[in-house]
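Here are my notes on this model, as numbered points. Please read them with the coordinates open.

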Amino acid sequence: MAVLTVATCQFPVSADIGANLHYVKRQMGLASRRGARVAHFPEGSLSGYAGTDFASFAGFGWDQLHDATADTAEHARELGMWVVLGSAHRISDGHKPHNSSYVISASGQIAERYDKRFCSGDSAGQTGDLAHYSPGRHFSVWSIDGVACGALICYDYRFPELYREYKKRGVQLVFHSFHAARFSSERIAAVGQVIGPGFARLNRSATHTYPGITMPAAMTAAAAANHVWISCPNSSAPQSCWPAFFVRADGVTTGRLRRNVPGVLISALDPERDLYDSTAAWRDRALAGVLHSGTAVSDPRSDDRTRI
């Protein structure tokens, strides 16, 4: 199986669809010239991210977004490369759109679409993502040059069950798109106060925020626990909580961009490479619900947990 070259892209995602399209096409071209087979963009990278980049979908330019998506697909065909593109997906009237990643093939066709399953917010759907988006209800698995791929979006990282299910389905590479950006300096400082400024030195991160601490750490853990490669783009709109990075299947980060600066990170995924995997012997059993290694014993001194 051939090495798959991945471009993990970041730029300052905004409410301006035209500006977003300009960045997407320019970075696709740069990625192609650097040998990438697939370019991966952040959450909401074409449409912008509702609630952060713009207030709501009231009066949203759906026709412009449709044309920009078609333009991106045509550019993918011209370059002969795959694209994983964050955007909003309009559904029937009366329903909020999905927060999605379009999977565009090298022939310019939409081969798959992943819809963010876990949208943040309260159970009434009045806050966070749920104020703007309808949650998805499916996994998305496809293949690029023989590499089995899956997709997740931002807050999905809080639910490791999704990674476990992708592993059951044979996924080797997860395109996990994020938008943890456009924080004001005041907001970053306020979040840092809630976390506790005295803990900053113990939680090395790009920013002393919950996304800055937990998102990269969760990607390291997800890669190592499931033995999958993960591409992690983020919007670079200041203040971005962390820069785009790429994680190898053994949990090692192999590349990282600069925070708040547009860029393209090129990473090579070699599915035949022999990487450290301490859970290989027992992972399939754990996925099947057998939650111990070795052979369990039946012994009264084992069964009685109240005696020395």
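1. Start with the contacts. Among those in the protein with a separation of 6 or more, 66% link residues 24 or more positions apart. Keep in mind that this is a predicted model.

2. Next, overall dimensions. The protein has seven helices and 12 strands. Its radius of gyration is 20 Å, close to the 19 Å from the globule rule for 308 residues, so the protein is as compact as a globular protein of that length. Along the principal axes, the C-alpha atoms fill a box of roughly 70 × 50 × 40 Å.

3. Burial and surface. Of the 308 residues, 50% count as buried. The protein exposes about 14300 Å², and 51% of that area comes from carbon and sulfur atoms.

4. The sheet. Six strands make up an open sheet with mixed pairing. The order is β5-β4-β3-β2-β1-β12. Neighbouring strands are turned by 25° against each other on average, direction ignored.

5. The β1/β12 pair. Which sense does this pairing take, and over how many bridges? Strand β1 (residues 4-10) runs antiparallel to β12, with seven bridges between them.

6. Helix α1. This helix covers residues 17-33 and packs on the sheet. Its contacts there are with β1, β2 (38-40), β3 (82-89) and β12. The direction of α1 makes about 40° with that of β12.

Notes:
Residues are numbered from 1 along each chain as its sequence is written. This is a predicted model: local features need pLDDT of at least 70, side-chain atom pairs count only at pLDDT 80 or more; totals for chains, interfaces and linings use all residues. Side-chain values use heavy atoms; hydrogens and water are left out. Two strands pair if DSSP finds at least two bridges between them. Helices (H or I, at least four residues) and strands (E, at least two) are DSSP runs, numbered from the N terminus. Axes are lines fitted to C-alpha atoms, for helices over the stretch in contact, and angles run from 0 to 180 degrees between N-to-C directions. Contact means heavy atoms within 4.5 Å. The radius of gyration is taken over C-alpha atoms; the globule rule is 2.2 Å times the number of residues to the power 0.38. Buried means under 20% relative accessible area, exposed over 50%, partly exposed in between (1.4 Å probe, protein chains only). Accessible areas come from the Shrake-Rupley method with a 1.4 Å probe; for residues, only the protein chains shown count as cover.
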